[in-house]
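Subject: Structure for you to look at

Hello,

Here is the structure I promised you. Please open it and keep it beside this email while you read.

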Amino acid sequence: MTSISPGWYATRPVARLAELGTNGVVRWRTFSDEDCVNLSHALGMQDTPAPDALAFVAARSSVLGGHRMPPGAVMAEIEWVAHVEVPADLTIGATCDVSTRTDSRGRTWVTATVATVTTDGHPLADFVFRFLWPQEAASR
Amino acid sequence: MTTVRSFQWTPDEPELLAWGTVSEDFNPLHFDDEFCRRTSVGRRVVFGALVLARVQAESRGWSSPGLPRSVTLRFLAPMPVGSELAVTLESVNGTVQCTVSAEGRVAATGSVTHPSGGSRAAPDQRSPTP
């Protein structure tokens, strides 16, 4: 496959670390039945009506704030702690806090901590994403 | 050490496209052969997030009903598109450890826990242990 959605190239990469996360705001996303079908298909779980991974997708979206990953960024680790099933209304809110650290080799690590909730505010799942961030992007 | 579940999986193009569509992630690292030839890996790679989500989905139902409490994966090496992923979940000292191998090397490791905090033997294995 060599064709890329034009939308991806239209989405600019994260330019500054400050663009990551939600800055305390809950970012809501309502998924469609078609999203469920696509996700179930991707996971080979065709008989699952509301895949748990919808929470994961909402969480990841909250990390990047509508941008795409900068070239050279590497996903190093993901933690996923589930609380309850994805709600029937398929609406998920996510807040994302971001921190950075520099290791002894001078590399920048970005940790994004995401909490997802249902529309009634019930905790859905928590996530931690750890990225090795490219130096040229880390300096901005 | 007891294998509680193992499966092999070669994520295909429709699965990658379905994941990219829902997650709105069309990073050329996953879709563009020409772009990837200029990268250090040289080939397209599977979404690590998709692999984590599959491990989570495979871990459902060990304790009834449902959700695993937590799933963690650390990504150690690229998982090239087209390569068969061998996923093994083993009970080690009360926790379930996960290993994902691709092309003969370990590509990711992690763990799965259930609400009780311990490991659960899978009631069935969807594919035989290699």
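Below is what was found in it, starting with the ground rules.

This is a predicted model, where local features need pLDDT of at least 70, side-chain atom pairs count only at pLDDT 80 or more, and totals for chains, interfaces and linings use all residues. Residues are numbered from 1 along each chain as its sequence is written, chains are lettered from A and ligands numbered from 1 in the order in which they are written, and side-chain values use heavy atoms, with hydrogens and water left out.

The sheet

Start with the strands. Helices (H or I, at least four residues) and strands (E, at least two) are DSSP runs, numbered from the N terminus. Two strands pair if DSSP finds at least two bridges between them.

Ten strands make an open, antiparallel sheet. Its order is β1(A)-β3(A)-β4(A)-β5(A)-β2(A)-β2(B)-β5(B)-β4(B)-β3(B)-β1(B). On average, neighbouring strands are turned by 20° against each other, direction ignored. (Axes are lines fitted to C-alpha atoms, for helices over the stretch in contact; angles run from 0 to 180 degrees between N-to-C directions.)

Where the chains join

Look at β2 (residues 74-82) of chain A. Five bridges tie this strand to β2 (residues 70-75) of chain B, and the two run antiparallel. A:Trp80 has B:Val71 as its bridge partner. A:Val81 stands opposite B:Ser70. A:Ile78 is partnered by B:Leu73 in β2(B), and stands opposite A:Phe129 in β5(A). Eight bridges join β2(A) to β5 (residues 123-133) of chain A, again antiparallel.

The contact between chains

Contact means heavy atoms within 4.5 Å. Chain B gives 37 residues to it and chain A gives 33. The buried area (accessible area, 1.4 Å probe, that two parts lose on being put together, summed over both) is about 3300 Å². Carbon and sulfur atoms give 61% of that area. B:Val22, B:Leu67 and B:Arg69 supply 18% of what chain B buries against chain A, more than any other three residues.

Charges

Side chains of opposite charge can pair when their charged atoms come close. A salt bridge here is a side-chain nitrogen of Lys or Arg within 4 Å of a carboxyl oxygen of Asp or Glu. The whole structure has 13 salt bridges over all chains. Between chain B and chain A the count is five. Which residue forms a salt bridge with B:Arg74? The partner is A:Glu77, with the closest N and O atoms 3.6 Å apart.

Best wishes
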